[in-house]
Amino acid sequence: MNLRSLLCIVAAGCMLEAQTLDPKKLLQPPVDSWPTYNGDYSGRRFSTLSKISSENVQTLTLAWIYRTSGATGDLGGIVKSTPLMVDGVLYFSIPDHVFAIDARSGHEIWHFSWTSKGGWHLGNRGVGMYGNWLYFETPDCHLVSLNSKDGSERWHKQICDLDQYYTASVAPVVIGNHVIVGVSGDDLDIPGYLESRDPETGELQWHWSSVPKPGEPGSETWPNVEAMAHGGGMTWVPSTFDPELRLLYLGTGNPQPVTAGKGRKGNNLFTESIVALHIDTGKLAWYFQPSPHDTHDWDAVETPILFDGEVDGRARKLLAQASRNGYFFVLDRTNGKNVITSEFVKTNWAKGVNANGQPIPNPAKEPQVDGALVTPNQGGAANWPPPSFSPATGLFYVNATRAFSEYYIFDDTEKPEGWSGNDRGGGGESMLQAIDYKTGKIRWSHKWEGTGVRSGVLTTAGNLLFTGDTSSNFIALDARTGDPLWHANLGAAVSNGPISYELDGAQYVIVGAGDALFGFVKRP
Amino acid sequence: MNKPHWSKLIRTAALVLPAAAVFAQSPVLPDAPGRDTVQRVCGACHPATVVLGRGRTREEWGQVVANMISRGAKGTPADFASVTDYLAKNITTGQSNGKTTSPRRVRRGFSMGPDDKQIVDTEAAERGRAVYMSDCGSCHGPLARGAKNGPDLVRSLVVLHDRYGSTLQPYLQGQHPSVEGKPIAKLTGDQIKDISHFLHQQVDNTLRSGPYTKVLNVMTGDAAAGAAYFSGAGGCGACHSATGDLAGIASRYDPPTLQQRLLFPRTAAPGSGGAVAAEKPVTVKVTPENGESLSGTLVHIDDFTIALRDAAGTYYSWNRTPGLKIERNDPYAAHDELLDKLTDKDVHDLVAYLETLK
């Protein structure tokens with residue numbers, strides 16, 4: 001970083017260079033920028049912009065299309081990342097590639113390509129930004145820092161071991177001088193972790209492991225040291241953060257071996273947990289586990305959204321998650337205590353909810369050699385596509401699926417490893433759920449015609465909700481009622497979380513579908 | 001880390017040969033019938049090229065396609081049949097042993113580790129198995145997953161970082177602790193390389209692409225109870241008959257396939273080689289506000305449009321306006337309703353009963 005941009009970051013308020021992120025933007029609702037994965041640290045994905053509204057959304061028009069395949073030659077690069085928009089430039093990614101395009105016109109400014117040594121090229125969730133530096137993860141386990149001006153590489157650091165079948169896909173989140181990075185992979189049995197890296201050097205600041213060491217809190221939930229050390233808990237969806245409490249909120253992934261639980265009896269902390277970590281040290285402040293001892297691949301990684309609300313007449317600092325296992329949780333984010341637990345789709349795997357608000361797994365619904373009929377299926381009632389919370393309606397919105405499948409154990413040997421089983425099935429139904437956080441009840445539900453929805457949600461102060469359906473439609477609905485107001489067929493299903501920003505007095509809505517990013521605008 | 005020589009050579013060759021370099025950068029699906037369907041159906045969620053280098057049998061590809069449908073893959077029954085057929089014919093088992101694949105083709109399978117992962121030579125692995133069983137198995141277990149006296153080698157970093165003996169050889173020839181006070185057996189470099197192939201084979205077997213992807217046994221139910229459920233609480237007799245449409249069904253499908261078909265009749269079923277089960281399409285009758293009704297097979301429906309193909313093969317579509325009346329007949333609706341009623345015992349009993357219909 002040069003002296004001037006350093007001074008600008010230290011002495012907030014001075015005139016910043018072009019293509020540089022003013023850190024103050026990260027602490028405000030996104031208006032003329034979208035500076036971090038969720039727009040701001042809360043994870044709400046709520047835009048305070050209202051130039052596009054339920055009254056005029058019919059006048060929303062296509063401004064531009066950018067096709068990643070034009071730059072990469074690969075039609076398979078699905079845009080799952082949420083773009084950042086800073087100073088008129090959009091930054092987004094697909095595995096091994098980062099793009100900078102003009103937020104007004106969609107014209108490419110630069111494109112960076114990483115030469116891969118392997119890893120799972122399933123998706124990349126985006127980039128993080130600090131000053132004029134960008135950060136992204138590669139499937140072959142590297143954290144790469146680029147110069148936002150021209151996409152030139154500044155440095156790269158290895159953050160995981162490809163030989164253990166780790167891979168990396170999450171969008172780094174920059175908080176103060178911490179670059180928060182996570183890891184993916186559950187083919188062999190490996191522990192998940194979250195790390196904080198120095199934005200200047202990429203060096204490690206702290207490392208938090210999803211599984212405890214012998215004697216540490218949580219170790220009592222594992223049968224032995226080996227099972228614990230290989231217990232999983234990947235960190236593949238970006239965290240949220242409360243600047244006042246200085247706590248970072250993370251959802252962790254499935255325990256491993258994935259479907260065979262017999263070698264890891266116990267609750268398997270801190271897999272499939274919502275954890276609060278102190279941002280400066282990475283130390284655990286509290287945890288809440290949505291799926292104790294899971295055997296269905298129901299990562300509890302879905303965005304833990306932060307908002308302040310009122311419950312039983314009291315103002316509360318809250319956190320809510322619509323979890324892959326079908327349950328909606330509201331917690332007090334100061335201490336992790338459960339406020340609400342409810343089903344946002346009907347499930348069949350739990351015997352009830354315990355006094356702490358956790359579902360109690362029914363052992364009969366663990367995978368069996370002859371099969372167990374379970375809902376949700378492995379795809380989950382929800383998955384990584386980002387949900388949204390609108391303070392204007394007080395509703396939590398999530399694209400949900402209710403599907404059954406038969407869960408089998410394929411490896412009934414003495415010591416199953418890896419997956420050891422899987423589910424088989426199909427069909428089901430998908431719907432957009434609007435959940436009242438005060439009661440956990442569904443306020444309205446908009447059923448899609450097909451199944452398997454995988455689109456993120458954006459809400460706005462214009463009473464709008466933007467998302468995708470199970471076909472290829474990008475749709476604006478009335479956030480209060482769920483009525484569709486506008487749509488366009490993008491030729492591929494909406495594959496990321498939409499964003500919105502204002503430039504030159506015009507409000508834009510940006511969305512990814514297939515290999516392309518689409519810019520829609522309502523011009524003044 | 002000492003990497004395999006042949007892999008380096010091929011990489012170097014790729015750098016100096018322009019044609020090879022182009023291929024190495026852009027893996028492409030083999031040009032054959034069905035490729036466009038694979039690109040469209042599979043590519044909607046992930047790069048379709050992930051299939052490259054992960055050859056499977058037709059039955060295994062059927063299982064993969066069934067699994068993808070359960071995860072929300074979109075397509076018509078004909079699309080899924082075409083995808084399975086393409087994969088079974090073009091991404092065959094011969095490609096996964098390394099002898100017919102380039103390093104780049106090995107790259108993007110379902111369990112995606114390093115590009116330079118060791119390609120197991122099955123003959124060497126068999127030789128290695130013999131040495132392993134005689135000198136290592138008693139402590140590390142027959143599947144190398146550890147036993148009382150020796151750690152799990154599938155999870156061992158020495159093994160996972162090894163390529164063709166690169167880390168295993170120095171370890172076994174110097175660092176391995178003594179066993180009961182005696183040094184371990186002296187192994188030659190060739191023997192260690194063979195053991196390396198055996199151990200990497202055990203790692204591969206643990207990956208999702210390994211052999212543990214088969215349903216083992218679903219015949220645990222009570223056929224008499226299944227028959228009672230069939231004609232009683234299940235209400236199956238409303239559409240089916242043991243002497244009619246279901247006569248001989250046990251000869252047509254293996255038990256895991258029967259189980260999937262009764263639960264999820266729309267989707268491709270494991271064991272049937274991906275043959276698509278949904279012979280009966282959803283039909284619709286569409287009546288415009290001031291027009292005549294048209295009936296046919298449902299082609300597409302979303303919140304905004306509906307399309308059908310009539311008996312003559314003609315395609316029609318409409319915008320879904322408030323006055324447009326749609327009547328839908330889903331032949332599998334009763335199966336959907338069963339999902340919320342069936343207990344696991346019912347499922348196993350029904351399969352046992354259907355298996356008696358030889």
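This is a predicted model: local features need pLDDT of at least 70, side-chain atom pairs count only at pLDDT 80 or more; totals for chains, interfaces and linings use all residues.
**Entry 1: helix H7 of chain B**

I started with H7(B), which runs over residues 122-135 and has 14 residues. From its first C-alpha to its last it reaches 20 Å, close to the 20 Å expected at 1.5 Å a residue. I then looked up which residues of H7(B) are buried, and found Ala125(B), Gly128(B), Arg129(B) and Tyr132(B). They cover an arc of only 115° around the axis, which puts them on the same side of H7(B). I noted the general rule here: an α-helix has 3.6 residues a turn, so residues three or four places apart point the same way. On the face turned away from the buried side of H7(B), I found the exposed residues Glu123(B) and Ser134(B).

What covers the buried residues of H7(B)? I listed helix H8 (137-140) and helix H11 (189-206) of chain B among the elements that do.

**Entry 2: H7 against H11**

I looked up how H7(B) and H11(B) lie against each other. Their axes come within 7 Å and cross at roughly 100°. Angles of 65 to 115 degrees count as roughly perpendicular, so H7(B) is roughly perpendicular to H11(B). From H7(B), the residues in this contact include Ala124(B), Arg127(B) and Val131(B). From H11(B), I noted Ile195(B), Phe198(B) and Gln201(B) among them. The residues of the contact divide into six nonpolar, five polar and four charged.

**Entry 3: helix H10 of chain B**

H10(B) covers residues 168-175, and its buried residues include Leu168(B), Gln169(B) and Leu172(B). Seen down the axis of H10(B), its buried residues fall within an arc of 100°, so they line one face of the helix. On the other side of H10(B), I found Gly174(B) and Gln175(B) exposed. Helix H9 (157-160) and H11 of chain B are among what covers the buried residues of H10(B).

**Entry 4: H12 against H16**

H12(B) spans residues 223-231, and its axis comes within 7 Å of the axis of H16(B), crossing at roughly 100°. H12(B) and H16(B) are therefore roughly perpendicular to each other. On the H12(B) side, Ala223(B), Tyr229(B) and Phe230(B) are among the residues that make the contact. On the H16(B) side, I noted Leu350(B) and Tyr353(B) among them. By class, this contact has eight nonpolar, one polar and two charged residues.

**Entry 5: chain A against chain B**

How many residues does the contact take from each chain? I found 57 from chain B and 63 from chain A. In chain B, helices H4 (58-70), H14 (255-263), H15 (333-339) and H16 (344-354) each supply at least two residues of the side that touches chain A. H4(B) gives the most to that side, with four residues. The chain B side divides into 24 nonpolar, 19 polar and 14 charged residues.

Most residues other than glycine have a negative phi, and most peptide bonds are trans. I looked for exceptions in chain A.

- The peptide bond from Gln256(A) to Pro257(A) is cis, with omega near -5°. Pro257(A) is in the loop between strands S16 (247-251) and S17 (274-278).
- The peptide bond from Thr375(A) to Pro376(A) is also cis, with omega near 5°. I placed Pro376(A) in the loop between strands S25 (372-374) and S26 (388-390).
- Arg45(A) is not a glycine but has a positive phi of about 55°. With 30 C-beta neighbours inside 10 Å, Arg45(A) counts as buried.
- Asn463(A) is not a glycine either, and its phi is positive at about 60°. Asn463(A) counts as buried because it has 21 C-beta neighbours inside 10 Å.

Terms used:
Residues are numbered from 1 along each chain as its sequence is written. Chains are lettered from A and ligands numbered from 1 in the order in which they are written. The expected span of a helix is 1.5 Å times one less than its number of residues. A residue is buried if 20 or more other C-beta atoms lie within 10 Å of its own, exposed if 12 or fewer, and partly exposed in between; C-beta atoms are placed from the backbone. The arc is that of the directions from the helix axis to the C-beta atoms. Two residues are in contact if their C-beta atoms, placed from the backbone, lie within 7 Å. Axes are lines fitted to C-alpha atoms, for helices over the stretch in contact, and angles run from 0 to 180 degrees between N-to-C directions. Angles under 35 degrees count as roughly parallel, over 145 as roughly antiparallel, 65 to 115 as roughly perpendicular and the rest as oblique. Ala, Val, Leu, Ile, Met, Phe, Trp, Tyr, Cys and Pro count as nonpolar, Asp, Glu, Lys and Arg as charged, and the others, Gly among them, as polar.
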